[in-house]
Amino acid sequence: MNVEKLKKIPEEGDLFLYPGCLSVNIYPGIETSTIKVLSKLGYNVYVPEEVLCCGLPLFLAGILSSNTMYTIVGRILAETQDRYENVLTVCNGCYSSINSALENIKNNGESMKIIESALNAIGFTFPQNVNCFHVAELFYKMRQKISELVERPLDDLRIAVHYGCHYLYSHQNKVLDSSEHPKFLDEIVSTLGGTSIDYEEKDLCCGEPALRSIRNLSFELARRKILSIFEEEPDLILVMCPSCLRAIDKIQFEMLSFEEIDVQIPVVHISQLIGLAFGLDPRKELGLNLHLSSRDLDQSPLRKILSER
Amino acid sequence: MGELNKSLSLEILLKCLQCGSCTGSCPAARFSQCNPRLLAYHLVRRKFDDVKNDNLVWLCLICYSCNVRCPNNVDIPQLILRLRENALLSGLKRDVLDLYLSIVDILMEWGMLTPVLSEEIEMFKRQAGIKHGKISDQTRNDLKTIFKLTSFHEKLKMFEKEGSLK
Ligand code: SF4
Ligand code: SF4
């Protein structure tokens, strides 16, 4: 366990929540559930009015340079205005780009000069004292309090957990427990009353970060992942990144249309999972019906816990 | 282009042991011709044409698995990003370039890479009181300035696409 990091995660007070692209316009239930859950845990959550993409997808394609990406991150973080010390992301991609930009402050003189002068030109400065955590890390730290707030236990739900490469491998030394054998999401699942099940391809990449021009590879990766998950017949798939969510959500729809599978297993973000356990409305508050894999909630394995109310 | 490749070669030559741990841990290698060890080999042997034309550069997921498992900490993802940039700048991979430049247009309109795609999502956001939509002109101008001052414009000129951001 990365004790140093765990210690720094705040247990109360103000948080700056940076939602990122996908959780605003594709899976907006991630944003709403995150805000609701954090508020129930007693935090004071600030969400910036405008959301800018951190630039990572374009950086990975070779279009944006790291300096451009870091400057955009600086523009995003500047909205903390010295009032917020702790920035939370709900996405492994944003987590990776923001942490890289924060490390760059310490390491690279020449690059920082370019970034600072670009930021100054639009009236901002790069905030110096900001920590960036993934919301899943905070949930792990708060698991005791979370367990006390459970109103709809996930009893009997078998859950397949996927962590995601950009969290585990892009900043290996910042992983909460271990990049090779991570356990913290699985532990949150037990806290909520569910059972985390093992599956063969637990470590396999979801395929989503592949360039959009190389569909075949993305498809093959996600397909292998899903087939391995289906073998264990879970009720739910848990992710901590909207990009992974999209890959694992979409592939099932494609495989369904090719008649390779005949049911879908809902894929949810960790904030939505905790929202479920807190008894929030699966449609209005968690937006689960906006996921391809759980459009028809009453037919999905989730009905086991939903119908009891 | 030559200069860049030379410095990449040197970096790898000094560090890569050709042990293959990277390829062994590479998820893309399981389902495609992606092969980080081979890429390093081509670079060390200065077979730049093999690198340039190679799908190796485009099949990588930038998942960082190889980087974590490499015994000598060779930064393959970083190398691949530089090779990608290089290939785009030299006019290879026109299709990839056009695709991503069209995404830049979406970014300039929304500030995000993902526009709202359905009425259903629009409605959910409205009911939930989520207001994030397209960015303001002010923020759009901020982005343009950032692009200009961090040399993205020069790159766009090389891509012959600077028009879209003027
Ligand atoms: S793991 Fe590292 S040292 Fe081994 S072949 Fe790959 S790049 Fe070279
Ligand atoms: S970063 Fe690229 S080369 Fe390295 S393991 Fe991932 S897909 Fe393979």
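Two strands count as paired if DSSP finds at least two bridges between them. Helices (H or I, at least four residues) and strands (E, at least two) are themselves DSSP runs, numbered from the N terminus. The structure is a predicted model, in which local features need pLDDT of at least 70 and side-chain atom pairs count only at pLDDT 80 or more, while totals for chains, interfaces and linings use all residues. Residues are numbered from 1 along each chain as its sequence is written, chains are lettered from A and ligands numbered from 1 in the order in which they are written, and side-chain values use heavy atoms, with hydrogens and water left out.

We begin with chain A. Four of its strands form an open sheet in the order β2-β1-β3-β4, with parallel pairing. At the edges are β2 (43-46) and β4 (131-134) of chain A, each of which pairs on one side only. From one strand to the next, the twist averages 35°; axes here are lines fitted to C-alpha atoms, for helices over the stretch in contact, and angles run from 0 to 180 degrees between N-to-C directions. Strands of a sheet pair through backbone hydrogen bonds, either parallel or antiparallel. Strand β3 (residues 86-89) of chain A runs parallel to β4(A), and four bridges join the two. One of the residues involved is N86(A), whose bridge partner in β4(A) is N131(A).

Helix α3(A) touches β1 (13-18), β2 and β3 of chain A, and its direction makes about 150° with that of β2(A); contact means heavy atoms within 4.5 Å. Helix α6 (residues 92-107) of chain A touches β1, β3 and β4 of chain A, at about 160° to the direction of β4(A).

The loop between β2 and α4 of chain A holds V47(A). Which residues does V47(A) contact, leaving aside its neighbours within four places in sequence? They are L17(A), P19(A), E31(A), I35(A) and, from the other chain, H132(B). The C-alpha atoms of V47(A) and I35(A) are separated by 8.7 Å, and the two residues are twelve apart along the chain.

Chain A also has an open sheet with the order β6-β5-β7-β8 and parallel pairing. Its edges are β6 (195-197) and β8 (267-269) of chain A; each has a single partner strand, so one side of each is left without a neighbour in the sheet. Direction ignored, neighbouring strands of this sheet are turned by 40° against each other on average. Strand β7 (residues 236-239) of chain A pairs with β8(A) in the parallel sense over three bridges, and I237(A) has V267(A) as its bridge partner in β8(A). Helix α14 (residues 270-277) of chain A packs on the sheet, touching β5 (158-161), β7 and β8 of chain A, with its direction at about 90° to that of β8(A).

Next come the charged pairs. Side chains of opposite charge can pair when their charged atoms come close. Over all chains the structure holds 23 salt bridges, a salt bridge being a side-chain nitrogen of Lys or Arg within 4 Å of a carboxyl oxygen of Asp or Glu. One of them joins the side chains of K36(A) and E285(A), at 3.6 Å from N to O. This pair links distant parts of the chain, 249 residues apart: K36(A) lies in helix α3 of chain A, and E285(A) in the loop between α14 and α15 (303-306) of chain A.

Last is the interface. The contact takes 65 residues from chain A and 53 residues from chain B. Together the chains bury about 5200 Å², 69% of it on carbon and sulfur atoms; buried area is the accessible area (1.4 Å probe) that two parts lose on being put together, summed over both. On the chain A side, N25(A), I63(A) and Y169(A) lose the most area to chain B, together 13% of what that side buries. Four salt bridges cross the interface. In the salt bridge of R295(A) with E120(B), the closest N and O atoms are 2.9 Å apart. Among the elements of chain A, α5(A) gives the most to the side that touches chain B, with five residues.
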